[in-house]
Amino acid sequence: MLSASVIYYEYNNRHKIDEKEIILVKQECSKQPINLNTVNQTIKDCLGNVSALSNKLSNVDQINIIVELLNLDITIMAMINCRSGETCLQHVKRHADTTVSLVANQINYYNKISPKPNFNDNPAPFYQNEYCTYHLPLYCDANLRSAIEFINTSNQDFNATDIINFSQIAGLIENIFKGFSIIQDLRQENIALHKAHLEDHILVDITNIIVSNHDLGTLIQLLSRAIIDFFALDYIGFILPSDNKPDLTSFYSIYNTIKPQVKTTCTPSKQDVLLNRLFALNEPTLFDIDSLYQAHADIDYLANWQEHCLTVLFCIPLAFNNREKGLLLLAHKNNQLFTNENIKLFQHIADRIIVAINNIQVYKDINALNNSLTNQNLYLTEEIKSIDMFKEIIGSSPAIRRVFEQVEMVAKSNSSVLLLGETGTGKELFARAIHQYSLRNDKRMIKINCSAVPANLLESELFGHEKGAFTGATAQRIGRFELAQGSTLLLDEIGDIPLELQPKLLRVLQEKEIERLGSNKSITVDVRVISATNCDLAQMISDKRFRADLFYRLNVFPIIIPPLREREGDIPLLVQFFIEKFSRQIKRNINSIASQSLKLMCDYHWPGNIRELANVIERAVIINKGQTLHINRSFLSFDDKYESSNLAKTISGDNTPQFSQPMNASHDDQLRQQIIKILKETNGVVAGPRGAANRLNIKRTTLLSRMQRLGISAKDICLEE
């Protein structure tokens with residue numbers, strides 16, 4: 001049963017158990033199952049009462065009372081000399097392997113004719129000079145056997161009257177021992193109930209801690225404190241599998257000292273011979289720490305145990321669901337704590353700890369899934385709101401067919417793709433096409449617009465964050481990389497990613513690992529990255545605004561999306577597609593477009609590309625009144641200022657980045673006409689403050705080069721005037 005140090009502790013303050021009740025339990029538990037002092041006093045009282053009847057026992061010279069305490073292997077011998085009144089009481093140690101008992105199982109009468117058996121361990125002076133002995137067994141049960149003996153030493157046998165008196169006296173004495181035994185049984189039952197009451201409290205306390213905590217560190221601390229307090233334990237340790245890296249373990253250890261609680265957490269080596277030995281255990285086992293230290297003197301935690309004077313280690317294996325085994329280590333300064341009853345209680349606690357840690361893992365998985373579903377829901381909501389204006393790629397021009405061929409080539413691989421093109425060319429649509437034709441198309445493609453997220457929040461959006469990682473981080477958030485696990489991530493407007501974040505993105509692309517903000521744990525990700533931009537990344541690298549190493553990592557397979565002006569043959573198809581789409585949306589019956597309006601659309605240079613085309617058609621459909629669509633020229637940016645600016649960019653190459661294809665003949669004609677217009681306005685002057693190059697804000701040599709290619713002569717312009 002529990003020792004006093006186990007039962008009496010400050011537990012009563014936390015569970016409001018009555019203090020007097022606890023002290024009583026402490027006192028009772030400190031006693032033997034049968035209190036020897038009480039038994040001795042009871043026997044003496046019996047002898048005194050029998051001696052008072054000596055006037056009725058004229059033939060009795062000596063009375064013996066024998067009490068055998070079977071569970072203690074002790075025999076109590078008591079005698080009284082009826083003539084002198086002398087008493088004697090001795091404790092005789094019974095041999096555990098003997099079956100000889102001084103208490104007979106029936107009434108016996110011993111004399112010269114029928115002598116008493118001669119036992120080698122018959123204690124003196126209880127059986128000296130006896131002539132005849134009348135032996136009467138008294139109360140007997142599983143723990144106590146008793147008898148009374150009436151002895152005559154004066155060569156005279158007992159008569160019938162004596163026998164009657166002996167039986168009466170024996171009956172009285174038997175009732176006393178019977179009552180005493182019942183009291184002892186009740187007291188033991190009471191103690192057992194108190195013990196069970198306290199054990200129930202620690203198990204309830206452990207259960208309450210388990211159900212109310214989902215953080216492993218907090219759980220370990222609270223469990224350790226409760227167990228240490230209850231058992232007055234000197235040390236507790238937990239060796240648990242790591243969540244992120246299953247081949248590693250975490251070692252939590254807590255010492256109970258007079259100083260404030262000491263807590264250490266570390267990752268033990270897999271080469272630890274002792275730990276491997278402990279992990280091989282299949283059942284709880286006790287170890288002598290001195291013996292362990294002699295065999296493994298180089299292990300630090302064994303040395304720490306010895307410094308704290310710990311002598312015995314109790315190791316309980318912890319078997320988790322679908323995970324590596326763990327260990328619960330309990331150490332103490334003596335082995336009296338590890339009784340059979342306490343070991344059973346420790347095992348009950350260990351079973352609850354297994355459930356607790358399994359629950360934490362399940363909680364993490366459910367929480368991660370919940371966060372993932374929540375983020376996916378938010379993401380899908382954003383996707384629905386920001387869905388592209390078309391559901392398929394429209395076009396059959398040679399320029400667009402070349403892009404289709406490249407998409408088909410790269411789609412089945414896991415290589416990074418860099419989509420380059422002007423704004424409005426449909427880069428996201430081609431990213432979706434790559435994902436749809438890839439081996440990852442069973443999962444939804446995830447995207448993020450790097451220019452639409454504030455710079456200080458972009459890292460959290462990409463990699464996620466832990467609760468409390470920064471002001472406003474009230475809950476854990478899963479980043480886009482985790483959300484795209486096993487799928488494709490589109491990094492739109494990659495040219496706008498802050499320079500300070502670029503090394504972290506490069507590390508993710510190289511190492512395939514991310515770290516959430518506020519965490520130092522690495523999470524392995526399997527994500528195929530597609531990036532898109534309308535920026536001239538080469539120029540940004542030259543200007544130190546984009547890292548070259550990140551560019552090379554992203555630019556594994558570049559695809560150039562042609563601008564709409566290089567897809568003149570696709571314009572009628574796109575116009576018809578958008579007419580049908582917007583007519584359905586606003587419930588207009590428009591089935592054709594005026595030929596003049598279509599020519600206007602085909603001749604326009606479309607700086608906003610397909611996005612601008614869709615906007616123009618939508619506006620025209622809204623204001624159109626008939627079944628034939630007419631496009632107002634004012635919808636298009638044909639003003640001279642715009643044309644001059646656009647022309648300058650076109651001539652200088654500023655809006656023709658390295659990813660652009662050569663302009664087609666139609667665009668060359670348009671460019672030729674624009675240059676001639678500016679030359680006429682400057683009277684053929686190319687250079688100087690009033691020259692055409694200055695008006696176009698480009699270098700003179702650049703303008704001359706374009707004029708030479710297009711067959712334009714400034715002299716001819718002057719002659720024409």
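Which residue just after helix 18 takes a positive phi? Lysine 587 does, at about 60°. The structure is a predicted model, in which local features need pLDDT of at least 70, side-chain atom pairs count only at pLDDT 80 or more, and totals for chains, interfaces and linings use all residues. Residues are numbered from 1 along each chain as its sequence is written, and side-chain values use heavy atoms, with hydrogens and water left out.

**View 1. Span of helix 18, residues 571-586.** Helices (H or I, at least four residues) and strands (E, at least two) are DSSP runs, numbered from the N terminus. The expected span of a helix is 1.5 Å times one less than its number of residues. For the 16 residues of helix 18 this gives 22 Å, and the end C-alpha atoms are 22 Å apart, so the two values agree.

**View 2. Buried residues of helix 18.** Buried means under 20% relative accessible area (1.4 Å probe, protein chains only). Ile571, Leu574, Val575, Phe577, Phe578, Ile579, Lys581, Phe582 and Ser583 are buried. Their cover includes strand 22 (592-593), helix 19 (595-603), helix 20 (609-623) and strand 23 (628-629).

View 3. In strand 12 (residues 326-332), seven of seven residues are buried.

Notes: Buried means under 20% relative accessible area, exposed over 50%, partly exposed in between (1.4 Å probe, protein chains only). Contact means heavy atoms within 4.5 Å.
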